[in-house]
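The exercises below ask you to read a chain and its fold side by side. Work through each task before turning to the solution that follows.

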Amino acid sequence: MCRSSVRARLAALVAAVPLALFAQTRAVGQEPALEVFYNRLEPKEQFKYKYKQDGKFKESVCSAGVFRWEVPRTEYGTNGLDRNFTGYCAEVLVPIVSEKTYQFRANNLFETKNFNLSGVAQDKVGDATNRRARLVQELFGRHFRDPVLKSVDPTDAVAFQIALWEIIQEPEPAQGELKLDLFDGDFQANYPKAEAPAYVTRAQEYLGTLTGKDDALLIENPDLRGRELIRLQGLPQADGSATQSQFALRYTGGGAAGTGAMARALTAGGGGLAGGAGAPLGGGGVGGGLGGGTGGGGGFFSNPNSGTTTTTPPGGGTTTTTTPPTTTTTTPPVGGPDTPTTPTTPTDPNTPTTPTNPVPAPAGLLLGAIALGTVGTWRFGARMLGSK
């Protein structure tokens, strides 16, 4: 082989390496969409609420509780999530129906559209977004208890979801500090304070503990050990309707950088370490998340996106057998919570169970293989040149 031919091949290989590195960087920076099956809401309770829109309060009723999701076996990767994981509603008035598959992509926790900040001045939106995201993290750090790891009081679980909605939905005040009060403001529990259910008063107790400065508690909560908080942005369905976004937990190292609990946006609402594009649904106005149909949130009123009616609360009344992730599910009776199952409790409740889902291999493995191939080819070419 002539020297000019060997040099040409080496030059082509060297030129190809940066392109491979660039392609891998883009693949790591944006996570693929993930299809998951919404099994049921357990536990759940009715939650009456009202929110201000166009200067007037509108009333509605929804289900509040813990979402049970399953990654079908047809999905090879899980982006670090368990095959069976729990989620918490992140968008008000976006309908969602149980026993159906939805698509998600992880987006930045510090994205402005995640919160009801439509009326905030542009020069203050960054600080407001960061404050809300830290409050969400602090709520998880202080009060999250994993219902998969151990038995959790249903009142606490429902209260956690309601407190989360208050953080997301209450608009930023024109003056003064944000007040997280379920009995005041533009997003409220629709009960006389003295007659509110226990899960509503418990939610208010949770909100009263938040300072917006203790998000570091997220890494101290034993139920969160080894995991990171992410927001799963719901992607449009085939018919163009929206999917309710969710907060969920995945094992660290299970996806692209920047979507984890400690990710910080350099400037809220765009800059920083965003993990995946996410669809521009939800966010401003009252578009944050209760859901509808037969699953967590949404009113029992007619909804153009959901097709549900006022007289059919979540759950229906029939028993169906589903096969998406080879799981048999029973639709709960009308108006009542799902029949609770006996949770699996590890020997040490403070020690998280070992993840059973495959975690995507680090990008370094592919880059290492490329580097080894490059070095080997270079050495071979050098020997060929030396022998001439």
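**Exercise 1.** How are helix 2 and helix 3 oriented relative to each other?

*Solution.* Two remarks on the source come first: this is a predicted model, in which local features need pLDDT of at least 70 and side-chain atom pairs count only at pLDDT 80 or more, while totals for chains, interfaces and linings use all residues. Residues are numbered from 1 along each chain as its sequence is written, and side-chain values use heavy atoms, with hydrogens and water left out.

Step 1: locate the elements, helix 2 being residues 125-143 and helix 3 being 154-169, where helices (H or I, at least four residues) and strands (E, at least two) are DSSP runs numbered from the N terminus.

Step 2: take the axes, which are lines fitted to C-alpha atoms, for helices over the stretch in contact, with angles from 0 to 180 degrees between N-to-C directions. The axes of helix 2 and helix 3 come within 10 Å and cross at roughly 165 degrees.

Step 3: apply the classes, in which angles under 35 degrees are roughly parallel, over 145 roughly antiparallel, 65 to 115 roughly perpendicular and the rest oblique. Helix 2 and helix 3 are therefore roughly antiparallel to each other.

**Exercise 2.** Which residues make the contact of helix 2 with helix 3, and how do they divide by class?

*Solution.* Step 1: with contact meaning heavy atoms within 4.5 Å, helix 2 contributes Arg132, Leu135, Val136, Leu139, Phe140 and His143, and helix 3 contributes Phe160, Ala163, Leu164, Ile167 and Ile168.

Step 2: Ala, Val, Leu, Ile, Met, Phe, Trp, Tyr, Cys and Pro count as nonpolar, Asp, Glu, Lys and Arg as charged, and the others, Gly among them, as polar. On this division the contact has nine nonpolar, one polar and one charged residues.

**Exercise 3.** Which class of angle describes helix 3 and helix 4, and what residues form their contact?

*Solution.* Step 1: the axes of helix 3 and helix 4 come within 8 Å and cross at roughly 55 degrees, which means that helix 3 is oblique to helix 4.

Step 2: on the side of helix 3 the contact includes Thr155, Asp156, Val158, Ala159 and Phe160, while helix 4 supplies, among others, Tyr199, Val200, Ala203, Tyr206 and Leu207.

Step 3: the residues of this contact divide into twelve nonpolar, one polar and three charged.

**Exercise 4.** Where do the buried residues of helix 4 fall when seen down its axis, and what covers them?

*Solution.* Step 1: buried means under 20% relative accessible area, exposed over 50%, and partly exposed in between (1.4 Å probe, protein chains only). In helix 4, residues 198-208, the buried residues are Tyr199, Val200, Ala203, Gln204, Tyr206 and Leu207.

Step 2: these buried residues fall within an arc of 155 degrees, so they line one face of helix 4, the arc being that of the directions from the helix axis to the C-beta atoms.

Step 3: their cover includes strand 1, helix 2, helix 3 and strand 5.

Step 4: consider Leu182, which has its place in the loop between helix 3 and strand 5 and is buried, with a relative accessible area of 0%. Among the residues that Leu182 touches, not counting residues up to four places away in sequence, are Val200, Ala203, Gln204 and Leu207.

**Exercise 5.** Which backbone values deserve attention at Pro43, Asn79 and Glu99?

*Solution.* Step 1: the peptide bond from Glu42 to Pro43 is cis, with omega near -5 degrees, and Pro43 lies in strand 1.

Step 2: Asn79, although not a glycine, has a positive phi of about 55 degrees; it sits in the loop between strand 2 and strand 3 and is buried, at a relative accessible area of 12%.

Step 3: Glu99, also a residue other than glycine, has a positive phi near 60 degrees; Glu99 lies in the loop between strand 3 and strand 4 and counts as partly exposed, at 24% relative accessibility.

**Exercise 6.** How many helices and strands does the protein chain have, and what percentage of its residues count as buried?

*Solution.* Step 1: the protein chain has five helices and seven strands, which run α-β-β-β-β-α-α-β-α-β-β-α from the N terminus on.

Step 2: of its 388 residues, 48% count as buried.
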